[in-house]
Amino acid sequence: MDYSFVEMRLDCTDKTMKRQVLLLIFVVSLTAVFGQVSYSIPEEMEKGSLVCNLAQDLGLDFKRLKSGRARLHSGDSAEYIELNRERGVLLIKERIDRETLCGETTPCALHLQMILENPMELFRITVEITDINDNAPSFASSEKRFEISESAVIGSKFVLDQAVDADIGTNDLQSYSLNPTNNFALKLENQADGSKKVEMVLQKPLDREHQEQISLLLTAVDGGQPRMSGTMQITVNVLDANDNAPVFTQSVYKATITENSQRGTSVITVSASDKDGGSNGEISYAISNSKRRLSDLFQIDRKTGEVILIGEIDYEKVKLFQINIEAIDNGGLSDSSKILIDVTDVNDNGPQLKILSKSDSILEDSPENTVIAMLSVNDPDSERNGEVKCKINDDIPFKIQNTMNGFYSLVTEVALDREVASQYNITVTCSDEGVPSLSSSVTLTLQISDVNDNAPVFEMSSYEAYIVENNTPGLSIFTVKATDADWNQNARVSYILEDSSVNGVPVSSYVSVSADSGVIHAVRSFDYEQIKDFHFRVKAQDGGSPPLSSNVTVKIMIQDQNDNPPQVLYPVQTGGSVVAEMVPRSADVGYLVTKVVAVDVDSGQNAWLSYKLQKATDRALFEVGLQNGEIRTIRQVTDKDAVKQRLTVIVEDNGQPSRSATVIVNVAVADSFPEVLSEFTDFPHDKEYNDNLTFYLVLALAVVSFLFITCLVVIISVKIYRWRQSRVLYHSSLPVIPYYPPRYSDTLGTGTLPHVYNYEVCRTTDSRKSDCKFGRAGSQNVLIMDPSSTGTMQRLQSEKSILDEPDSPLEISDVNDNAPVFERSSYEAYIVENNTPGLSIFTVKATDADWNQNARVSYILEDSSVNGVPVSSYVSVSADSGVIHAVRSFDYEQIKDFHFRVKAQDGGSPPLSSNVTVKIMIQDQNDNPPQVLYPVQTGGSVVAEMVPRSADVGYLNGEIRTIRQVTDKDAVKQRLTVIVEDNGQPSRSATVIVNVAVADSFPEVLSEFTDFPHDKEYNDNLTFYLVLALAVVSFLFITCLVVIISVKIYRWRQSRVLYHSSLPVIPYYPPRYSDTLGTGTLPHVYNYEVCRTTDSRKSDCKFGRAGSQNVLIMDPSSTGTMQRLQSEKSILDEPDSPLEVRMIQF
């Protein structure tokens, strides 16, 4: 890995401090960029104080901080500093006390990491906390006592407790002073840990008789600004003579101890000697006070001088201990020494892993060396115990790199492929070099996001499928299947039929492909005789962006079905005509009478034909060749053979099931043509019946047409008559109106009202009321029509709207945050077949929790197909109401059910939507009559069943049985009409005519039933058109009558309003309106509007009070005339009583 370093120093000054900023930027040859910046701030800054402008110092944009979701990582330390993304600055989050944070450790610094994502970037930030003089020196105890013999020699030393100052540097303890200094002087000795050994040295002999007790004051002063100090009171009691002070064997003792040693472990034993004897030579040992609370960790035996461990030692916290000890005899003399204890490190801390940043997923086409995670590793042990190496599990396409001291990056090593592995569990294991080695690990789960890099692949390179002809349209032929190795939307395969043509016709008119399933459906019914095979291409396309696709060739082969019966080419069968072959009576055995020629358009064994003699007048006379269809005689013709021989030959193919055709061959056994002609003649038919039916139909048509034309003439005549009568009234110079003399007050004598009343009448369809608004008249009252009243008016008081109040509520604007929700997860509905197009089937309903436009739900029919036809040709959905209508009339026999999806979309921006599945089930209706399969009714031919005259009661003839004995008196020709009804509601039926021949032999029947042509087809056509004409004319006639009756009833009901009043209606001309110009007009213009609606009968209005006490009212129950109301004391006489006028619509 290559690094290039750029060092930049920035001086930042504000009102409270000066900061020296060290900016160190690392440009790394990886995707992630690393940098380092250092700052220095004093402790005890206020919360929210500015530390630095980090974005400016690192050259970052504010947008980058937001898009990269910049955040600080502080490790195990508390969060004293926070990042403001908006401003790009570091701020004090909590007050920082350097003494609490670092103690005696220098320098004291916070090590932070700022992490950015997309792409990953790591910046190391070091914030040094500088000391301020916020702590005064202090002694462990405020007073210390000494007992010193008066015989103590000059130069005797007495160890004093050290003062402790939590500050460091110049703010730490700097000097001591002792007052007074008559007998003792202060001696200071610098020690290895930077502290000062404080001793009190006797510089003048003591005299107990002169001064029994001496009081001294020891003062400790630091070097801060301002200086701070602490004091301790020293009391010296002068004793009798003690000549010798204790002396330690060494001035410095050294010892080592392993961290995590058990309590009670002996560290070292010190010793001192005293030349005095007796009690003055007894020595006791003690630990002097120091900065650290060593008495909590170590204890010295007062008698033996053995130092014992009583606390827990951690090399990572303290590596060296200096213990000041003193030996004191009973005479008060003492000596001091020190113990230096080195702490030996033990590998007791495993590596500490922290994930600074990681990606949960990565695109499979990401380039090599893409950073997917950043980790920090720290081992607080020392030397080899703190050296850490990290590795990851094998056989994965990733590697781990040591980007900076203690920081690792997990990057891709080779190209990824989601189709090989969609997820990786990456275990990072970090081990130190200690013995035994300690390790820790962390597992990262990385999802490989799919990229559309695989096209769909068909299961086969080409497909062949078979379908039997005469298939049902919409039949599923087979399924093509393609798979896509991608995932989710990229693996969603859609099948598309590529454009091509088959015999000049688009292939889409032959087959269709389901876009989702790949099922190929037949669009039409295939005919093997027209097309035997065809091919096309199907494209499989995935849902990626851009989409990938592949295609395959599909060949459809039509299989023949025995769907065509044999066709007889000879002899030709025409209508009911007779085609006969003649056989001379002298014909020998094997005489060729004729040959039946037939073909079958099917193929294979379906076209193999065989000929059989089904019926014959004399089976012993003729035979038919099985393969060639030749009809030959099988014996000699005699005179007894009938002249007319009728042979029925059946031609069958070899299909399964087989199909057949029959041909009737008439053979005349005669030597001359006149002999044959006398045998084959025309016989009577049903001409008389058809003639009678035609006569009655023509007669009925003539009568109905006459009545219809007469009705039209009468209507036109009445209309012309009324029109001429109305001209007399409409062209008169004076109007005639029903009116009664009014008594409006006329204050000015002009014949006009004292006020002008402007009003509007607004009505709605089928309304019985009128809502009116009036302009203000002479009164200050405003009158309106109350829509919920009976038509009278009420006075509206002047009230303030809620909008006029000063404390009107604040309206919260809606945000489109809720999608429409359907009342049900799916719907099922039923509809009876043969429905009317446009019929409402049912309603889907969705609600939206939003408001106003955001809650306005629109319903949309999603695109899909039913049997290859768009679903929109089956149903439609009302966008506003969700009502589903049938677009076509359904047929249960063609489609029994189908489903589709409806989307509910709100009116927000952007709109939100949801959808639901709707299943429509068609219910059967009895709309198909029975179909008679046998006997087959064809043209005008006669199909007959024979009943022998000897048949008994109950003789079976196709389930038509005799109910009595047949006699000779019964007619040979019997015609039965049988009706076949189903069980539907209402039931439907079909009829079949069965001809029964009551005879013992076929020649007897032939004389009654003939197959010769007649005018049946012509008569049938004539009958049909006559019935159609009669029905049309009858419909017009009945419609005309219904319209006339309806109009008469309507006018009669209208006349009831005018003609059934209790008051008379008289023609009247306005008598009291002044006509100054002689023009017949009023002197004033009265403007009014009346808006009416259908079926409205009245208008109720209220007006302000006029100048008169008389009130004119229109009685709603009358015919429209007016009545005068007398001046009586009522509600109308009140000052604000309204004038009520009711109008009746004519």
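Contact means that heavy atoms lie within 4.5 Å. The views below come from a predicted model, in which local features need pLDDT of at least 70, side-chain atom pairs count only at pLDDT 80 or more, and totals for chains, interfaces and linings use all residues. Residues are numbered from 1 along each chain as its sequence is written, and side-chain values use heavy atoms, with hydrogens and water left out.

**View A. Asparagine 854 and the residues that it touches.** Asparagine 854 lies in the loop between β62 (846-847) and β63 (857-861); strands (E, at least two residues) are DSSP runs, numbered from the N terminus. With residues up to four places away in sequence not counted, asparagine 854 touches Asp814, Val815, Asn816, Asp848, Asp906, Gly907, Gly908 and Ser909. Its side chain makes a polar contact with the side chain of aspartate 814 (3.0 Å). A polar contact is a pair of N or O atoms within 3.5 Å; within protein, one must be able to donate a hydrogen and the other to accept it, and residues adjacent in sequence count only if both atoms are side-chain atoms. Asparagine 854 counts as buried because its relative accessibility is 13%, where buried means under 20% relative accessible area (1.4 Å probe, protein chains only).

**View B. Glycine 230 in strand β16.** Strand β16 comprises residues 229-239. Glycine 230 has 9% relative accessibility and therefore counts as buried. Its contacts, not counting residues up to four places away in sequence, are Pro137, Phe139, Leu218, Thr219 and Ala220. The C-alpha atoms of glycine 230 and alanine 163 are separated by 7.7 Å, although these residues are 67 residues apart along the chain.

**View C. An open sheet of 3 strands.** The strand order is β19-β23-β22, and the pairing is antiparallel; two strands pair if DSSP finds at least two bridges between them. β19 (266-269) and β22 (298-300) stand at the edges with a single partner strand each, so one side of each has no neighbour in the sheet. β19 is joined to β23 (residues 306-309) by 3 bridges. Serine 266 has isoleucine 308 in β23 as its bridge partner.

**View D. The largest nonpolar core.** A nonpolar core is a set of buried Ala, Val, Leu, Ile, Met, Phe, Trp, Tyr and Cys residues joined through side-chain atoms within 4.5 Å. Of the 29 residues in this core, Val511, Ile520, Phe534, Phe536, Val538, Val554 and Ile556 touch the most other members. Among the elements that give two or more residues to the core are β43 (533-541) and β44 (549-559). The residues that isoleucine 556 touches include Ala465, Ile467, Phe534 and Phe536.

Key:
Helix = DSSP H or I, 4+ residues; strand = E, 2+ residues; numbered from the N terminus. Buried < 20%, exposed > 50% of the residue type's maximum accessible area, 1.4 Å probe, protein only.
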